[in-house]
Amino acid sequence: MSHGNMNLTLKIWRQNSGKEKGQLVTYPVKDISPDMSFLEMFDVLNEQLVSKNESPIVFDHDCREGICGMCSMVINGRAHGPKTGITTCQLHMRSFKDGDTITVEPWRAQAFPVIKDLTVDRTSFERIQAKGGFVSVNTGTAQDANCLPIPKDDADSSFNAAACIGCGACVATCKNASAMLFVAAKVSQFALLPQGKIEATARVKNMVAQMDLEGFGSCTNTGACEIECPKGISLENIARMNREYLVANCKD
Amino acid sequence: MSNTSPNFITSSIGKKFLMGFTGLFLISFLVIHVLINACIYFNDGGATFNMAASFMAHNIIIRIVEVGLFLGIILHVVQALIITLQNNKARPQKYAVQNLAVSSKWYSRSMGLLGTLLLMFLVVHLANFWVPTKIAVFKGEEHNTFESLKTVFSNPIVLAVYLLGLISLFYHLLHGFQSAFQTFGLNHKKYTPCIKSFGFWYSVIIVLLFASMPITLFMGLIK
Ligand code: HEM
Ligand code: SF4
Ligand code: FES
């Protein structure tokens with residue numbers, strides 16, 4: 001074991017399918033470099049499992065650089081682990097100590113059923129998006145930017161909302177498994193721009209309706225989502241969505 | 001994009017608007033309530049207090065507002081129940097390990113529990129004062145509410161129940177006051193800190209004022 005490497009005990013949620021019961025299974029891992037990412041540590045463990053003819057742990061991942069939002073894991077009771085402002089793939093093993101026991105569970109929500117092990121089905125987010133998380137305009141050459149002046153503050157707020165990567169950490173963290181932060185980010189991103197104003201009423205109503213239909217909980221303003229969101233989406237977006245929703249319902 | 005949504009009031013956000021609205025209504029009622037109670041501090045054998053209490057018991061406008069108050073409480077509690085049950089259902093499988101303390105305050109996560117304690121307290125409170133007053137009004141008698149205050153609060157168990165009820169109220173308001181504004185969509189870099197500190201001081205002052213009354217009566221400081 002080279003200097004500084006760690007031995008850890010992992011307790012990982014194993015579940016064969018959504019229909020079967022799952023449980024936490026304990027795996028010791030040895031000689032983990034502190035410079036590995038959390039997912040690389042999983043790769044090492046999975047190679048060991050495969051060489052022992054055991055089935056590897058299934059977990060979602062893609063970009064491994066914090067932009068795709070796939071790497072959903074609740075690590076020691078926190079979405080994406082002990083650090084804030086990052087995803088699991090950006091979490092390094094140096095955030096843990098030699099000898100630590102680490103519990104890893106999937107996102108837990110009625111609307112995110114487990115597919116296998118740590119992978120959950122997040123198509124509920126996609127169905128919400130499909131209800132209005134877009135602008136229906138014909139594509140073509142972009143018009144001259146100066147034709148459409150947008151105040152800098154609005155542009156910044158819209159951009160910040162658009163930073164949401166749809167990872168679902170907000171749902172996983174919320175005591176009510178509420179998707180309000182995600183939906184609010186998607187609504188806000190358009191609500192602030194002239195292009196989005198045209199369809200604003202139908203957008204917020206339909207997206208909220210779909211959110212309710214999917215079985216997410218409602219918001220009790222605990223603020224936990226904002227703390228655990230890797231992209232720093234703020235509660236102001238939820239307030240904006242509530243305003244938009246009220247106004248939309250007053251209009252018709 | 002066609003519009004396919006159900007109506008406002010049954011939506012998750014609509015329910016929260018109603019919660020917040022009824023909550024703020026109850027908050028404004030508490031101000032009136034504490035002011036009337038504070039009449040005991042004239043320390044004039046309850047003369048001023050009984051006058052205020054009798055006005056509240058007989059005035060027609062107050063009678064109408066009282067109906068609104070009960071409706072408000074019922075709406076608030078019913079919505080609270082629906083929301084809390086739905087929210088519990090949204091996570092059927094709980095986490096084995098969950099560290100919520102880093103991301104939110106315990107009382108913001110315990111509004112259902114605090115509210116239930118409040119409701120239990122309310123039942124005791126109404127049985128202590130509201131019911132006897134109503135019976136007296138019904139019989140056309142004058143009810144000496146001040147004397148009943150002194151009798152009720154001579155019991156240390158009653159005192160303890162009231163203080164526990166007020167602690168629940170304190171934490172319920174601490175989250176509830178500012179939460180209602182966020183629900184209404186009023187979140188602003190400049191004004192939200194003011195709303196939050198106003199809510200904090202409102203909770204502290206209203207609860208301390210309410211608590212001072214059973215304590216001073218129990219100690220026999222008010223004659
Ligand atoms: C004097 C009595 C009460 C006052 C002044 C009060 C006030 C409030 C306020 C202002 C809110 C925030 C609403 C929002 O976030 O939009 C709230 C929420 C809530 N209240 Fe009450 N309430 C009272 C009694 C009760 C009772 C008796 C119950 C329960 C049975 C209850 C249960 C709840 C629940 C579950 C919430 C939801 C928490 C949340 O969404 O943040 N409350 N209350
Ligand atoms: S709001 Fe934040 S936590 Fe929620 S899905 Fe978007 S990026 Fe993830
Ligand atoms: S794997 Fe893409 S954000 Fe982590």
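**View 1. Lys134(B) is partly exposed, at 23% relative accessibility.** Buried means under 20% relative accessible area, exposed over 50%, and partly exposed in between, with a 1.4 Å probe and protein chains only. This is a predicted model, in which local features need pLDDT of at least 70 and side-chain atom pairs pLDDT 80 or more, while totals for chains, interfaces and linings use all residues. Residues are numbered from 1 along each chain as its sequence is written, chains are lettered from A and ligands numbered from 1 in the order in which they are written, and side-chain values use heavy atoms, without hydrogens and water. Lys134(B) forms a salt bridge with Glu66(B), with the closest N and O atoms 3.2 Å apart. The pair joins distant parts of the chain: Glu66(B) sits in helix H3 (residues 60-89) of chain B and Lys134(B) in helix H4 (residues 111-139) of chain B, 68 residues apart. A salt bridge here is a side-chain nitrogen of Lys or Arg within 4 Å of a carboxyl oxygen of Asp or Glu. Helices (H or I, at least four residues) and strands (E, at least two) are DSSP runs, numbered from the N terminus. Glu66(B) is buried, with a relative accessible area of 17%. Arg63(B) joins Glu66(B) and Lys134(B) in a network of salt bridges.

**View 2. Arg64(A) and Asp43(A) meet in a salt bridge through their side chains.** The N to O distance is 2.8 Å. Arg64(A) lies in the loop between helix H1 (38-51) and strand S3 (74-75) of chain A, and Asp43(A) in helix H1 of chain A, so the pair ties together parts 21 residues apart in sequence. Arg64(A) is partly exposed, at 27% relative accessibility. Asp43(A) is also partly exposed, with a relative accessible area of 27%. Side chains of opposite charge can pair when their charged atoms come close. Over all chains, the whole structure holds 13 salt bridges.

**View 3. Arg108(A) and Glu105(A) form a salt bridge.** Their closest N and O atoms are 3.6 Å apart. Arg108(A) is buried, at 4% relative accessibility. Glu105(A) is buried too, at 1%.

**View 4. Five strands of chain A form an open sheet in the order S2-S1-S5-S3-S4.** The pairing is mixed. Strand S2 (23-32) and strand S4 (78-79) of chain A stand at the edges with a single partner strand each, so one side of each has no neighbour in the sheet. S3(A) and S4(A) pair in the antiparallel sense over two bridges; two strands count as paired if DSSP finds at least two bridges between them. In S4(A), Arg78(A) is the bridge partner of Ile75(A). H1(A) packs on the sheet and touches S1, S2, S3 and S5 of chain A. The direction of H1(A) makes about 100° with that of S2(A). Axes are lines fitted to C-alpha atoms, for helices over the stretch in contact, and angles run from 0 to 180 degrees between N-to-C directions.

**View 5. Strand S5 (residues 101-105) of chain A pairs with S1(A) and with S3(A).** Strand S1 (residues 6-14) of chain A runs parallel to S5(A), over four bridges. Here Ile12(A) has Val104(A) as its bridge partner in S5(A). S3(A) pairs with S5(A) in the antiparallel sense, over two bridges. Four of the five residues of S5(A) are buried, so the strand is largely enclosed by the rest of the structure.

**View 6. The largest nonpolar core has 46 residues.** Val171(A), Val183(A), Phe216(A) and Met241(A) touch the most other members. The core is a set of buried Ala, Val, Leu, Ile, Met, Phe, Trp, Tyr and Cys residues joined through side-chain atoms within 4.5 Å. Elements giving two or more residues include helix H2 (123-130) and helix H9 (236-251) of chain A, and helix H1 (12-37) of chain B. H5(A) gives the largest share, seven residues. Domain 1 (6-115) and domain 2 (123-250) of chain A each supply at least three residues; these bounds come from an automatic or database domain assignment. Beyond neighbours within four places in sequence, Val171(A) contacts residues including Phe112(A), Phe125(A), Phe216(A) and Arg91(B). Contact means heavy atoms within 4.5 Å. A second, separate core of 37 residues includes Leu118(B), Phe121(B), Phe129(B) and Ile195(B).

**View 7. Ser158(A) is buried, at 5% relative accessibility.** Ser158(A) lies in helix H3 (residues 152-162) of chain A. Leaving out residues up to four places away in sequence, Ser158(A) touches Gln189(A), Leu192(A) and Leu193(A).
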